[in-house]
Amino acid sequence: MSVDVALTPAEQAVGAVGIVVDVIRATSSIAQALASGYERVVCCREIDEAIALRAELGAGAVVGGERNGKKVEGFDLGASPRAFAHGPEAPTLILSTTNGTAAIIGAAARCETVLLGSLLNLEAVIEVARSLGEDVAVFCAGFKGGFAIDDAYCAGRIVAGLPGPRSDAARAAELLAHSFPGALEGLNARTYGPPGLEDDIVFCARENALDTVPRLSRMLGSAAEIRA
């Protein structure tokens, strides 16, 4: 197996297995939601799409998400992983976020298998990727199309656990990850986003708190259904 990394959404990375990383906060939140009992998370690129799907599913779903770090007006929930740690409010969570859900949908078009990675499920996602034995591409969600150091840090931690030759981008991510003394320092190196996410960052920096590995189950039109 080989390992590649797309450090921004515009970059290409090649692998039969795609691992999407939006460590603050979408992939962390999805892992926590599924670990807490949601049956599935349906990822939508657009707010209107999420609202329409919520209306279609009725009491069987809640809708969560954010734009620019703030809960979307009219949504049931925001995108904080801490909000999903208390058990499900419905079988289905519909989610739309600034960066992460779009990255998941993009990876679905490129890869045979799509997994969602975070620090919360770091070892678990590495183990699944290793067991598949295929080339791996790690996709960083970034921030509004640009580079995000927190996602690159998490990608580097994933790369460090995988065997096989690395692309230059994968080597760069691994070197970046090794430059920080710990996960919290790696995530707090970010320079983007609004204030007020400090508690979520501490939550997302916890390593191997979950053994849940979210993966793409199927596409529902233009939305991506994620199950454990």
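Which residue in β10 is the bridge partner of R215? I looked it up, and R227 is the bridge partner.

Before going on, I noted that this is a predicted model, where local features need pLDDT of at least 70 and side-chain atom pairs count only at pLDDT 80 or more, while totals for chains, interfaces and linings use all residues. Residues are numbered from 1 along each chain as its sequence is written, and side-chain values use heavy atoms, with hydrogens and water left out.

Entry on the strands. I take strands as DSSP runs of E, at least two residues, numbered from the N terminus; two of them pair if DSSP finds at least two bridges between them. Strand β9 (residues 215-220) pairs with β10 over 5 bridges, antiparallel. In their hairpin, with 2 residues between the strands, I found G221 at a positive phi near 65 degrees. β10 also runs antiparallel to β3, with 3 bridges joining them, and there V42 has E225 as its bridge partner. In β10 (residues 223-227), 4 of the 5 residues are buried (under 20% relative accessible area, 1.4 Å probe, protein chains only).

Entry on R40. I found R40 in strand β3 (residues 40-43). Why does R40 count as buried? Because its relative accessibility is 13%. Next I checked polar contacts (N or O atoms within 3.5 Å, one able to donate a hydrogen and the other to accept it; residues adjacent in sequence count only if both atoms are side-chain atoms). The R40 side chain makes one of 2.8 Å with the side chain of T92, and another of 2.8 Å with that of E225.

Terms used
Buried < 20%, exposed > 50% of the residue type's maximum accessible area, 1.4 Å probe, protein only.
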